[in-house]
Amino acid sequence: MKRFVIGGVALVLASCSSAPPPPAPMPPPTTPTAPPAIALPTKPTTEPEKDQCGLKDAQAFVGKNRTELPAPVDPSRWRVACTTCPVTMDYRPDRLNILFNPDTGVVQQVKCG
């Protein structure tokens, strides 16, 4: 039994005597690079904007009295208001805004929105 104990102690001492090898040095971290830029197609700038609200034709109303506007006015497509009147701020490209002077009734501005 003594041999067994001595053999076991020798085995334990032998395994402790050798130190593990030092770890291999880690390579330095690499910085990720962005993928190359992708060229996005652009709209041709020569294409004229679509006149969704009829602004081109409505320019004829500027300088005329608001009573000369064609009747009846379609409220879903046209908004007639004085320049100082409160109106909603929602933007609709298909709606024509006709703004007149509240004192004279003369149309001062037409615009889409």
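Me: What percentage of the 113 residues in the protein chain do buried residues make up?

Reply: In this predicted model, buried residues make up 16% of the 113 residues in the protein chain.

Me: How many helices and strands does the protein chain have, and what pattern do they follow along the sequence?

Reply: The protein chain has two helices and three strands. Read along the sequence, they follow the pattern α-α-β-β-β.

Me: What makes C53 and C112 a disulfide?

Reply: The sulfur atoms of C53 and C112 are 1.8 Å apart. A disulfide requires cysteine sulfur atoms within 2.5 Å, so C53 and C112 qualify as one. The angle about their S-S bond is -60 degrees, and the link is left-handed.

Me: Why is the pair of C53 and C112 said to tie together parts that are apart in sequence?

Reply: C53 lies in the loop between α1 (2–17) and α2, whereas C112 lies in strand β3 (residues 107–112). The pair therefore joins parts that are 59 residues apart in sequence.

Me: How many disulfides does a search of the whole structure find, and what is the pairing of the bonded cysteines?

Reply: A search of the whole structure finds two disulfides. With the bonded cysteines of the protein chain numbered in sequence order, the pairing is 1-4, 2-3.

Me: Why is the pair of F61 and W78 called edge-to-face?

Reply: A search of the whole structure finds one aromatic pair. The rings of F61 and W78 have their centres 5.6 Å apart and their planes at 65 degrees. Ring centres must lie within 6.5 Å, and planes over 60 degrees apart count as edge-to-face; the pair therefore meets both conditions.

Me: Where do F61 and W78 lie, and why is F61 called buried?

Reply: F61 lies in the loop between α2 (55–58) and β1 (78–82), and W78 lies in strand β1, so the pair ties together parts that are 17 residues apart in sequence. F61 has a relative accessible area of 15%, and buried means under 20%, so F61 is buried.

Me: Why is the pair of D90 and R95 called a salt bridge?

Reply: The closest N and O atoms of D90 and R95 are 3.3 Å apart. The cut-off is 4 Å, so D90 and R95 form a salt bridge. D90 is partly exposed, with a relative accessible area of 37%, whereas R95 is buried at 6%.

Me: What makes R92 and D94 a salt bridge?

Reply: The side chains of R92 and D94 meet at 3.4 Å, N to O. This value is within 4 Å, so R92 and D94 count as a salt bridge. R92 is partly exposed at 26% relative accessibility, and D94 is partly exposed with a relative accessible area of 27%. A search of the whole structure finds two salt bridges.

Me: Why does R79 have no salt bridge with D90?

Reply: R79 is found in strand β1 and is buried. The nearest side chain of opposite charge, D90, is 4.2 Å away. A salt bridge requires a separation within 4 Å, so R79 has no salt bridge.

Me: Which side chain does a polar contact join to R79, and which residues is R79 in contact with?

Reply: A polar contact of 3.0 Å joins the side chains of R79 and T88. Leaving aside its neighbours within four places in sequence, R79 is in contact with residues including V87, T88, D90 and R95.

Me: Which peptide bond is cis, and where is the place of P72?

Reply: The peptide bond from A71 to P72 is cis, with omega near -5 degrees. P72 has its place in the loop between α2 and β1.

Note on methods
Residues are numbered from 1 along each chain as its sequence is written. This is a predicted model: local features need pLDDT of at least 70, side-chain atom pairs count only at pLDDT 80 or more; totals for chains, interfaces and linings use all residues. Side-chain values use heavy atoms; hydrogens and water are left out. Rings of Phe, Tyr and Trp (its six-membered ring) pair if their centres lie within 6.5 Å; planes under 30 degrees apart count as stacked, over 60 as edge-to-face and the rest as tilted. Helices (H or I, at least four residues) and strands (E, at least two) are DSSP runs, numbered from the N terminus. Buried means under 20% relative accessible area, exposed over 50%, partly exposed in between (1.4 Å probe, protein chains only). Lys and Arg count as positive and Asp and Glu as negative; His and the chain ends are not counted. A polar contact is a pair of N or O atoms within 3.5 Å; within protein, one must be able to donate a hydrogen and the other to accept it, and residues adjacent in sequence count only if both atoms are side-chain atoms. Contact means heavy atoms within 4.5 Å.
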